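Trainee: Could you go through this one with me? I'd like to know what stands behind each label.

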Amino acid sequence: MIELPDLVAGALAVGTLSALALGGELVRSRRQQARQQAEIAALRRQLEGTVHAFTAEVGHLAAQRMPATARRLDRPHVTVPGPRQPHLTGTPLGGALEDVLAALRVELTSQRTRIDAAAQAGMRGATREIQAALYRLQDALRALQQRYDDPELAQTLFELDHENEQSLRRAQVAAVVCGAWVGLAREESHLVDAVTGGQARLAGYHRVRMHNHLQPGTALVSHAVEPVAIIAAELLDNALRHSAPDTDVTVNLEHVHHGVCVTIDDAGLGMTQEERSRAQRLVAGSEPILLTDLGDPPRMGLAAIGQLTRQFDLSVDLSSPSPYGGVRAVLLVDSHLLSRIDSEERPPAVSAPRSTRRAEPDTPAPAHAYGTEPDDAAGAVAPHDGPRDSGGLPQRRRRTRATTTVESATRGPARRPEEAAAALGALQSGTAAARAVARDDAPERADAAAGDTEQTDYEETDYEGGAAR
(Lines give C-alpha, C1' and ligand atoms only; values in the text may rest on other atoms or scores of the structure.)
Protein backbone atom coordinates (compact mmCIF):
# COMPACT_ATOMS: atom_id res chain seq x y z
CA MET A 1 0.00 0.00 0.00
CA ILE A 2 1.37 3.31 -1.12
CA GLU A 3 1.70 5.78 1.59
CA LEU A 4 0.20 9.25 1.39
CA PRO A 5 3.47 11.14 1.29
CA ASP A 6 4.51 9.18 -1.75
CA LEU A 7 1.31 10.09 -3.53
CA VAL A 8 1.72 13.71 -2.71
CA ALA A 9 5.27 13.66 -3.94
CA GLY A 10 4.23 12.02 -7.20
CA ALA A 11 1.46 14.50 -7.73
CA LEU A 12 3.79 17.35 -7.08
CA ALA A 13 6.25 15.91 -9.54
CA VAL A 14 3.57 15.50 -12.18
CA GLY A 15 2.33 19.05 -11.56
CA THR A 16 5.81 20.35 -11.77
CA LEU A 17 6.37 18.63 -15.09
CA SER A 18 3.04 19.90 -16.41
CA ALA A 19 3.87 23.40 -15.29
CA LEU A 20 7.22 23.23 -16.99
CA ALA A 21 5.60 21.96 -20.18
CA LEU A 22 2.96 24.66 -20.11
CA GLY A 23 5.59 27.32 -19.44
CA GLY A 24 7.68 26.14 -22.37
CA GLU A 25 4.63 26.15 -24.61
CA LEU A 26 3.75 29.65 -23.44
CA VAL A 27 7.26 30.86 -24.18
CA ARG A 28 7.14 29.32 -27.67
CA SER A 29 3.73 30.89 -28.29
CA ARG A 30 4.96 34.30 -27.24
CA ARG A 31 8.03 33.97 -29.44
CA GLN A 32 5.88 32.95 -32.40
CA GLN A 33 3.54 35.86 -31.76
CA ALA A 34 6.49 38.23 -31.63
CA ARG A 35 7.76 36.87 -34.96
CA GLN A 36 4.33 37.27 -36.51
CA GLN A 37 4.06 40.81 -35.23
CA ALA A 38 7.49 41.56 -36.69
CA GLU A 39 6.43 40.06 -40.03
CA ILE A 40 3.19 42.05 -39.98
CA ALA A 41 5.13 45.22 -39.23
CA ALA A 42 7.53 44.46 -42.08
CA LEU A 43 4.65 43.81 -44.46
CA ARG A 44 2.97 47.01 -43.32
CA ARG A 45 6.16 48.96 -43.95
CA GLN A 46 6.52 47.33 -47.36
CA LEU A 47 2.92 48.15 -48.23
CA GLU A 48 3.36 51.73 -47.09
CA GLY A 49 6.53 51.98 -49.19
CA THR A 50 4.71 50.55 -52.22
CA VAL A 51 1.81 52.95 -51.76
CA HIS A 52 4.23 55.84 -51.37
CA ALA A 53 6.18 54.79 -54.49
CA PHE A 54 2.95 54.36 -56.48
CA THR A 55 1.68 57.75 -55.29
CA ALA A 56 4.99 59.36 -56.24
CA GLU A 57 4.90 57.64 -59.64
CA VAL A 58 1.36 58.86 -60.33
CA GLY A 59 2.39 62.35 -59.21
CA HIS A 60 5.39 62.19 -61.56
CA LEU A 61 3.06 61.07 -64.35
CA ALA A 62 0.68 63.98 -63.75
CA ALA A 63 3.29 66.66 -63.12
CA GLN A 64 6.00 65.73 -65.65
CA ARG A 65 5.13 63.06 -68.17
CA MET A 66 1.62 64.11 -69.18
CA PRO A 67 2.46 67.82 -69.75
CA ALA A 68 5.54 66.82 -71.75
CA THR A 69 3.41 64.46 -73.83
CA ALA A 70 0.95 67.28 -74.55
CA ARG A 71 3.76 69.71 -75.47
CA ARG A 72 5.36 67.16 -77.75
CA LEU A 73 2.30 67.20 -80.02
CA ASP A 74 3.35 70.59 -81.41
CA ARG A 75 7.02 70.62 -80.34
CA PRO A 76 8.62 67.39 -81.54
CA HIS A 77 11.92 68.26 -79.89
CA VAL A 78 10.38 68.00 -76.38
CA THR A 79 11.49 64.83 -74.55
CA VAL A 80 8.93 62.90 -72.50
CA PRO A 81 10.59 61.66 -69.29
CA GLY A 82 10.39 57.99 -68.31
CA PRO A 83 9.03 56.52 -65.06
CA ARG A 84 10.31 57.93 -61.76
CA GLN A 85 11.34 54.40 -60.77
CA PRO A 86 13.37 52.99 -63.69
CA HIS A 87 12.71 49.39 -62.59
CA LEU A 88 9.03 49.87 -63.52
CA THR A 89 9.93 49.83 -67.22
CA GLY A 90 8.62 46.62 -68.71
CA THR A 91 6.45 45.77 -65.71
CA PRO A 92 2.64 45.64 -65.77
CA LEU A 93 2.51 48.91 -63.86
CA GLY A 94 4.93 50.58 -66.29
CA GLY A 95 2.86 49.32 -69.22
CA ALA A 96 -0.33 50.68 -67.66
CA LEU A 97 1.27 54.10 -67.26
CA GLU A 98 2.39 54.10 -70.91
CA ASP A 99 -1.18 53.22 -71.93
CA VAL A 100 -2.35 56.32 -70.05
CA LEU A 101 0.04 58.50 -72.06
CA ALA A 102 -1.01 56.90 -75.35
CA ALA A 103 -4.69 57.48 -74.61
CA LEU A 104 -3.89 61.08 -73.67
CA ARG A 105 -2.15 61.67 -77.01
CA VAL A 106 -5.05 60.25 -78.99
CA GLU A 107 -7.64 62.31 -77.14
CA LEU A 108 -5.65 65.54 -77.28
CA THR A 109 -5.07 65.12 -81.01
CA SER A 110 -8.76 64.49 -81.61
CA GLN A 111 -9.87 67.48 -79.57
CA ARG A 112 -7.27 69.83 -81.08
CA THR A 113 -8.29 68.81 -84.58
CA ARG A 114 -11.98 69.36 -83.83
CA ILE A 115 -11.42 72.76 -82.18
CA ASP A 116 -9.02 73.88 -84.89
CA ALA A 117 -11.48 72.90 -87.63
CA ALA A 118 -14.13 75.07 -85.99
CA ALA A 119 -11.65 77.97 -85.70
CA GLN A 120 -10.67 77.63 -89.36
CA ALA A 121 -14.29 77.63 -90.46
CA GLY A 122 -14.89 80.83 -88.50
CA MET A 123 -11.78 82.45 -89.96
CA ARG A 124 -12.79 81.50 -93.50
CA GLY A 125 -16.05 83.36 -93.04
CA ALA A 126 -14.29 86.38 -91.54
CA THR A 127 -11.67 86.57 -94.29
CA ARG A 128 -14.40 86.32 -96.93
CA GLU A 129 -16.07 89.42 -95.54
CA ILE A 130 -12.75 91.24 -95.20
CA GLN A 131 -11.78 90.41 -98.78
CA ALA A 132 -15.12 91.62 -100.09
CA ALA A 133 -14.68 94.94 -98.26
CA LEU A 134 -11.10 95.33 -99.52
CA TYR A 135 -12.19 94.61 -103.09
CA ARG A 136 -14.82 97.34 -102.83
CA LEU A 137 -12.18 99.73 -101.52
CA GLN A 138 -9.89 98.73 -104.37
CA ASP A 139 -12.61 99.50 -106.91
CA ALA A 140 -13.22 102.89 -105.30
CA LEU A 141 -9.50 103.75 -105.42
CA ARG A 142 -9.29 102.69 -109.05
CA ALA A 143 -12.26 104.87 -109.93
CA LEU A 144 -10.58 107.86 -108.25
CA GLN A 145 -7.33 107.17 -110.13
CA GLN A 146 -9.18 107.23 -113.42
CA ARG A 147 -11.21 110.33 -112.53
CA TYR A 148 -8.48 112.74 -111.41
CA ASP A 149 -5.37 113.82 -113.32
CA ASP A 150 -3.45 115.52 -110.50
CA PRO A 151 -0.02 113.77 -110.23
CA GLU A 152 0.26 114.26 -106.46
CA LEU A 153 -3.23 112.89 -105.89
CA ALA A 154 -2.48 110.00 -108.24
CA GLN A 155 0.64 109.15 -106.24
CA THR A 156 -1.31 109.25 -102.96
CA LEU A 157 -4.02 107.04 -104.42
CA PHE A 158 -1.36 104.67 -105.70
CA GLU A 159 0.19 104.36 -102.23
CA LEU A 160 -3.23 103.71 -100.69
CA ASP A 161 -3.92 101.11 -103.35
CA HIS A 162 -0.63 99.40 -102.61
CA GLU A 163 -1.44 99.26 -98.89
CA ASN A 164 -4.83 97.82 -99.75
CA GLU A 165 -3.15 95.22 -101.96
CA GLN A 166 -0.98 94.11 -99.04
CA SER A 167 -4.05 93.75 -96.83
CA LEU A 168 -5.70 91.67 -99.54
CA ARG A 169 -2.63 89.43 -99.69
CA ARG A 170 -2.74 88.81 -95.93
CA ALA A 171 -6.45 88.05 -96.04
CA GLN A 172 -5.94 85.65 -98.95
CA VAL A 173 -3.09 83.87 -97.16
CA ALA A 174 -5.26 83.42 -94.06
CA ALA A 175 -8.07 82.05 -96.22
CA VAL A 176 -5.72 79.59 -97.96
CA VAL A 177 -4.37 78.32 -94.63
CA CYS A 178 -7.95 77.76 -93.45
CA GLY A 179 -8.77 75.66 -96.50
CA ALA A 180 -10.36 78.22 -98.83
CA TRP A 181 -9.87 77.78 -102.56
CA VAL A 182 -7.34 80.17 -104.02
CA GLY A 183 -9.20 80.84 -107.25
CA LEU A 184 -8.10 80.27 -110.83
CA ALA A 185 -6.54 82.57 -113.41
CA ARG A 186 -8.65 82.85 -116.52
CA GLU A 187 -5.77 82.41 -118.97
CA GLU A 188 -2.17 81.32 -119.17
CA SER A 189 0.41 83.92 -118.12
CA HIS A 190 4.13 84.42 -118.56
CA LEU A 191 5.92 82.87 -115.59
CA VAL A 192 8.02 85.98 -115.11
CA ASP A 193 4.82 88.05 -114.89
CA ALA A 194 3.45 85.75 -112.17
CA VAL A 195 6.61 86.20 -110.10
CA THR A 196 6.73 89.98 -110.58
CA GLY A 197 3.01 90.09 -109.78
CA GLY A 198 3.76 88.42 -106.44
CA GLN A 199 6.65 90.84 -105.87
CA ALA A 200 4.38 93.82 -106.43
CA ARG A 201 2.16 92.81 -103.49
CA LEU A 202 4.91 93.51 -100.96
CA ALA A 203 6.31 96.45 -99.09
CA GLY A 204 9.95 96.85 -100.05
CA TYR A 205 9.41 95.39 -103.52
CA HIS A 206 12.11 97.76 -104.86
CA ARG A 207 14.77 95.74 -103.00
CA VAL A 208 14.14 92.68 -105.18
CA ARG A 209 16.65 92.12 -108.00
CA MET A 210 15.28 89.65 -110.51
CA HIS A 211 17.30 87.89 -113.20
CA ASN A 212 15.28 86.17 -115.90
CA HIS A 213 17.14 83.31 -117.59
CA LEU A 214 14.02 81.70 -119.03
CA GLN A 215 13.38 81.11 -122.69
CA PRO A 216 11.05 83.88 -123.92
CA GLY A 217 7.47 82.67 -123.94
CA THR A 218 7.81 80.37 -120.91
CA ALA A 219 4.40 80.45 -119.28
CA LEU A 220 2.23 78.80 -116.64
CA VAL A 221 -0.98 76.89 -117.24
CA SER A 222 -3.99 78.83 -116.04
CA HIS A 223 -4.64 77.03 -112.74
CA ALA A 224 -1.00 77.39 -111.63
CA VAL A 225 -0.67 81.15 -112.15
CA GLU A 226 -2.16 82.40 -108.89
CA PRO A 227 -0.58 79.70 -106.68
CA VAL A 228 2.87 80.51 -108.08
CA ALA A 229 2.27 84.23 -107.51
CA ILE A 230 1.20 83.63 -103.89
CA ILE A 231 4.15 81.35 -103.16
CA ALA A 232 6.59 83.81 -104.73
CA ALA A 233 5.06 86.66 -102.72
CA GLU A 234 5.35 84.76 -99.41
CA LEU A 235 8.92 83.62 -100.04
CA LEU A 236 9.93 87.14 -101.03
CA ASP A 237 8.12 88.57 -98.01
CA ASN A 238 10.11 86.28 -95.70
CA ALA A 239 13.34 87.27 -97.43
CA LEU A 240 12.57 91.00 -97.17
CA ARG A 241 11.43 90.83 -93.53
CA HIS A 242 14.41 88.83 -92.31
CA SER A 243 17.17 90.78 -94.03
CA ALA A 244 18.54 94.26 -93.45
CA PRO A 245 16.64 97.06 -95.24
CA ASP A 246 19.78 98.14 -97.08
CA THR A 247 20.36 94.73 -98.67
CA ASP A 248 18.90 93.25 -101.83
CA VAL A 249 16.98 90.04 -102.37
CA THR A 250 18.14 88.18 -105.46
CA VAL A 251 15.74 86.15 -107.61
CA ASN A 252 16.85 83.87 -110.45
CA LEU A 253 14.45 82.23 -112.91
CA GLU A 254 16.08 79.27 -114.65
CA HIS A 255 15.21 76.19 -116.64
CA VAL A 256 16.05 72.83 -115.03
CA HIS A 257 15.69 69.26 -116.22
CA HIS A 258 12.10 68.78 -115.03
CA GLY A 259 10.76 72.32 -115.28
CA VAL A 260 11.64 75.77 -113.99
CA CYS A 261 13.25 76.87 -110.72
CA VAL A 262 12.62 80.20 -109.01
CA THR A 263 15.54 80.69 -106.60
CA ILE A 264 15.34 83.41 -103.93
CA ASP A 265 18.42 84.39 -101.90
CA ASP A 266 18.58 86.90 -99.06
CA ALA A 267 21.43 88.23 -96.95
CA GLY A 268 19.73 87.90 -93.56
CA LEU A 269 20.76 86.01 -90.45
CA GLY A 270 19.53 82.67 -91.71
CA MET A 271 17.81 79.99 -89.63
CA THR A 272 18.92 77.46 -87.05
CA GLN A 273 18.72 73.79 -87.93
CA GLU A 274 15.55 73.40 -85.86
CA GLU A 275 13.91 76.41 -87.53
CA ARG A 276 14.94 75.15 -90.96
CA SER A 277 13.51 71.68 -90.26
CA ARG A 278 10.20 73.12 -89.06
CA ALA A 279 9.99 75.48 -92.05
CA GLN A 280 10.66 72.60 -94.43
CA ARG A 281 7.89 70.54 -92.84
CA LEU A 282 5.45 73.44 -93.24
CA VAL A 283 6.22 74.15 -96.91
CA ALA A 284 6.15 70.44 -97.77
CA GLY A 285 2.45 70.35 -96.89
CA SER A 286 2.68 66.69 -95.88
CA GLU A 287 1.25 67.20 -92.38
CA PRO A 288 -2.10 68.69 -91.29
CA ILE A 289 -1.85 72.38 -90.39
CA LEU A 290 -3.35 73.59 -87.14
CA LEU A 291 -3.71 77.28 -86.33
CA THR A 292 -2.36 76.59 -82.85
CA ASP A 293 0.91 75.43 -84.41
CA LEU A 294 1.53 78.79 -86.12
CA GLY A 295 2.46 80.85 -83.07
CA ASP A 296 0.94 83.91 -81.45
CA PRO A 297 0.33 85.94 -83.53
CA PRO A 298 0.10 83.18 -86.15
CA ARG A 299 2.68 83.24 -88.94
CA MET A 300 0.77 81.91 -91.92
CA GLY A 301 3.09 82.43 -94.89
CA LEU A 302 4.87 79.06 -94.82
CA ALA A 303 1.65 77.26 -93.91
CA ALA A 304 -0.09 78.79 -96.94
CA ILE A 305 2.82 77.66 -99.13
CA GLY A 306 2.39 74.14 -97.77
CA GLN A 307 -1.31 74.13 -98.64
CA LEU A 308 -0.59 75.29 -102.19
CA THR A 309 2.31 72.91 -102.83
CA ARG A 310 0.08 69.99 -101.84
CA GLN A 311 -2.94 71.13 -103.84
CA PHE A 312 -1.16 72.16 -107.04
CA ASP A 313 1.77 69.69 -107.18
CA LEU A 314 4.45 72.34 -106.63
CA SER A 315 7.64 71.98 -104.61
CA VAL A 316 9.49 74.38 -102.29
CA ASP A 317 12.86 73.66 -100.69
CA LEU A 318 14.38 75.61 -97.78
CA SER A 319 17.11 73.16 -96.82
CA SER A 320 20.08 75.05 -98.30
CA PRO A 321 21.66 78.21 -96.88
CA SER A 322 22.07 81.19 -99.17
CA PRO A 323 25.59 82.01 -100.43
CA TYR A 324 24.88 85.53 -99.12
CA GLY A 325 24.54 84.23 -95.54
CA GLY A 326 20.76 84.13 -95.31
CA VAL A 327 18.17 81.64 -96.55
CA ARG A 328 17.83 80.15 -100.01
CA ALA A 329 14.28 79.28 -101.09
CA VAL A 330 13.76 77.27 -104.27
CA LEU A 331 10.37 76.96 -105.94
CA LEU A 332 10.24 74.13 -108.51
CA VAL A 333 7.53 74.27 -111.15
CA ASP A 334 7.29 70.92 -112.92
CA SER A 335 7.02 70.65 -116.68
CA HIS A 336 3.35 69.63 -116.63
CA LEU A 337 2.50 73.06 -115.16
CA LEU A 338 4.36 74.94 -117.88
CA SER A 339 3.13 76.19 -121.22
CA ARG A 340 4.31 78.51 -123.97
CA ILE A 341 2.92 81.83 -125.13
CA ASP A 342 3.77 83.65 -128.33
CA SER A 343 5.81 86.53 -126.95
CA GLU A 344 5.02 88.69 -129.97
CA GLU A 345 1.26 88.30 -129.80
CA ARG A 346 1.16 88.43 -125.98
CA PRO A 347 4.40 89.99 -124.74
CA PRO A 348 5.25 90.04 -121.04
CA ALA A 349 4.88 93.23 -119.07
CA VAL A 350 7.25 96.05 -119.93
CA SER A 351 8.43 96.20 -116.33
CA ALA A 352 9.33 92.49 -116.20
CA PRO A 353 13.06 91.79 -116.33
CA ARG A 354 14.30 91.00 -119.80
CA SER A 355 15.39 87.48 -120.57
CA THR A 356 19.10 86.76 -120.90
CA ARG A 357 18.32 84.10 -123.52
CA ARG A 358 17.51 84.61 -127.14
CA ALA A 359 14.21 83.47 -128.50
CA GLU A 360 14.16 80.17 -130.38
CA PRO A 361 13.66 80.36 -134.16
CA ASP A 362 10.00 79.40 -133.91
CA THR A 363 9.38 81.96 -131.20
CA PRO A 364 11.12 85.18 -132.27
CA ALA A 365 11.75 87.81 -129.64
CA PRO A 366 9.19 90.62 -129.62
CA ALA A 367 10.26 94.00 -130.88
CA HIS A 368 8.55 96.04 -128.17
CA ALA A 369 9.93 97.37 -124.92
CA TYR A 370 10.31 93.88 -123.42
CA GLY A 371 13.98 93.00 -123.61
CA THR A 372 15.11 96.62 -123.73
CA GLU A 373 14.25 97.65 -120.20
CA PRO A 374 17.12 97.97 -117.70
CA ASP A 375 17.34 95.44 -114.86
CA ASP A 376 16.09 98.08 -112.43
CA ALA A 377 12.72 97.75 -114.09
CA ALA A 378 12.11 94.68 -111.97
CA GLY A 379 11.47 96.95 -109.05
CA ALA A 380 9.34 99.46 -110.94
CA VAL A 381 5.61 99.40 -110.51
CA ALA A 382 3.26 99.79 -113.42
CA PRO A 383 0.10 101.88 -113.21
CA HIS A 384 -3.41 100.54 -112.93
CA ASP A 385 -4.87 100.12 -116.33
CA GLY A 386 -6.55 96.74 -116.19
CA PRO A 387 -10.33 96.35 -116.39
CA ARG A 388 -11.90 93.05 -115.45
CA ASP A 389 -13.60 90.64 -117.75
CA SER A 390 -17.23 89.67 -117.38
CA GLY A 391 -16.33 86.69 -115.21
CA GLY A 392 -15.35 88.88 -112.30
CA LEU A 393 -11.64 88.01 -112.28
CA PRO A 394 -9.04 90.61 -113.22
CA GLN A 395 -8.04 90.92 -116.84
CA ARG A 396 -5.19 93.18 -117.83
CA ARG A 397 -5.43 95.18 -121.03
CA ARG A 398 -2.40 96.22 -123.04
CA ARG A 399 -2.04 99.91 -123.63
CA THR A 400 -2.54 101.28 -127.11
CA ARG A 401 0.57 101.74 -129.24
CA ALA A 402 0.09 105.49 -129.08
CA THR A 403 0.22 105.45 -125.30
CA THR A 404 3.36 103.29 -125.31
CA THR A 405 4.98 105.64 -127.79
CA VAL A 406 4.23 108.65 -125.62
CA GLU A 407 5.56 106.84 -122.56
CA SER A 408 8.79 105.92 -124.37
CA ALA A 409 9.23 109.45 -125.59
CA THR A 410 8.74 110.93 -122.15
CA ARG A 411 11.11 108.52 -120.40
CA GLY A 412 14.15 110.49 -119.31
CA PRO A 413 17.16 109.46 -117.31
CA ALA A 414 16.86 106.52 -114.93
CA ARG A 415 14.72 107.37 -111.93
CA ARG A 416 14.02 105.79 -108.58
CA PRO A 417 11.16 103.22 -108.58
CA GLU A 418 8.95 105.53 -106.54
CA GLU A 419 9.43 108.35 -109.02
CA ALA A 420 8.84 106.04 -111.95
CA ALA A 421 5.68 104.71 -110.34
CA ALA A 422 4.36 108.23 -109.76
CA ALA A 423 5.14 109.31 -113.31
CA LEU A 424 3.59 106.24 -114.86
CA GLY A 425 0.51 106.55 -112.65
CA ALA A 426 0.03 110.18 -113.59
CA LEU A 427 0.61 109.43 -117.26
CA GLN A 428 -1.94 106.63 -117.26
CA SER A 429 -4.47 108.67 -115.38
CA GLY A 430 -4.07 111.57 -117.80
CA THR A 431 -4.14 109.54 -120.98
CA ALA A 432 -7.43 109.75 -122.77
CA ALA A 433 -6.95 106.43 -124.50
CA ALA A 434 -6.47 104.60 -121.20
CA ARG A 435 -9.51 106.32 -119.70
CA ALA A 436 -11.57 105.25 -122.70
CA VAL A 437 -10.49 101.64 -122.37
CA ALA A 438 -11.22 101.65 -118.65
CA ARG A 439 -14.61 103.33 -119.15
CA ASP A 440 -15.66 100.76 -121.76
CA ASP A 441 -14.35 97.61 -120.10
CA ALA A 442 -14.53 97.99 -116.31
CA PRO A 443 -17.63 96.11 -115.08
CA GLU A 444 -18.65 95.92 -111.47
CA ARG A 445 -17.18 93.13 -109.33
CA ALA A 446 -20.27 91.08 -108.59
CA ASP A 447 -18.70 88.74 -106.06
CA ALA A 448 -17.27 91.56 -103.91
CA ALA A 449 -20.58 93.41 -103.92
CA ALA A 450 -22.51 90.32 -102.93
CA GLY A 451 -20.00 89.23 -100.30
CA ASP A 452 -21.65 85.80 -99.97
CA THR A 453 -20.11 83.68 -102.74
CA GLU A 454 -16.95 81.68 -102.70
CA GLN A 455 -15.43 83.97 -105.31
CA THR A 456 -14.72 86.48 -102.56
CA ASP A 457 -11.90 84.15 -101.58
CA TYR A 458 -10.11 85.09 -104.79
CA GLU A 459 -7.45 87.77 -104.75
CA GLU A 460 -7.17 89.91 -107.82
CA THR A 461 -4.35 88.81 -110.08
CA ASP A 462 -2.16 91.46 -111.60
CA TYR A 463 0.65 90.02 -113.64
CA GLU A 464 1.16 92.87 -116.06
CA GLY A 465 4.32 94.60 -115.02
CA GLY A 466 4.17 93.58 -111.37
CA ALA A 467 1.85 96.44 -110.51
CA ALA A 468 0.66 96.55 -106.90
CA ARG A 469 -2.96 97.36 -107.49
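Mentor: Let's take the labels one by one and set each against its definition.

Mentor: First, this is a predicted model, where local features need pLDDT of at least 70, side-chain atom pairs count only at pLDDT 80 or more, and totals for chains, interfaces and linings use all residues. Residues are numbered from 1 along each chain as its sequence is written, and side-chain values use heavy atoms, with hydrogens and water left out.

Trainee: What makes W181 and F312 a tilted aromatic pair?

Mentor: Rings of Phe, Tyr and Trp (its six-membered ring) pair if their centres lie within 6.5 Å; under 30 degrees between planes is stacked, over 60 is edge-to-face, and the rest is tilted. W181 and F312 sit 5.4 Å centre to centre with 40° between the planes, and that is a tilted pair. A search of the whole structure turns up one aromatic pair.

Trainee: Which parts does the pair tie together?

Mentor: W181 is in the loop between helix 3 (151-177) and strand 1 (189-190), and F312 is in helix 7 (residues 301-312), so the pair links parts 131 residues apart in sequence. Helices (H or I, at least four residues) and strands (E, at least two) are DSSP runs, numbered from the N terminus.

Trainee: Why is F312 called buried, and what is W181 called?

Mentor: Buried means under 20% relative accessible area, exposed over 50%, partly exposed in between (1.4 Å probe, protein chains only). F312 has 6%, so F312 is buried. W181 has 37%, so W181 counts as partly exposed.

Trainee: And D246, buried or exposed?

Mentor: D246 has a relative accessible area of 65%, so D246 is exposed. D246 lies in the loop between helix 5 and strand 4 (249-256).

Trainee: Why is helix 3 called oblique to helix 7?

Mentor: Their axes, lines fitted to C-alpha atoms over the stretch in contact, with angles from 0 to 180 degrees between N-to-C directions, come within 8 Å and cross at roughly 55°. Under 35 degrees is roughly parallel, over 145 roughly antiparallel, 65 to 115 roughly perpendicular, and the rest oblique. That makes helix 3 oblique to helix 7.

Trainee: Which residues make the contact?

Mentor: V173, V176 and V177 of helix 3 and G301, A303, A304, Q307 and L308 of helix 7, where contact means heavy atoms within 4.5 Å.

Trainee: What about the phi of D313?

Mentor: Phi of D313 is near 60°, a positive value in a residue other than glycine. Most residues other than glycine have a negative phi.
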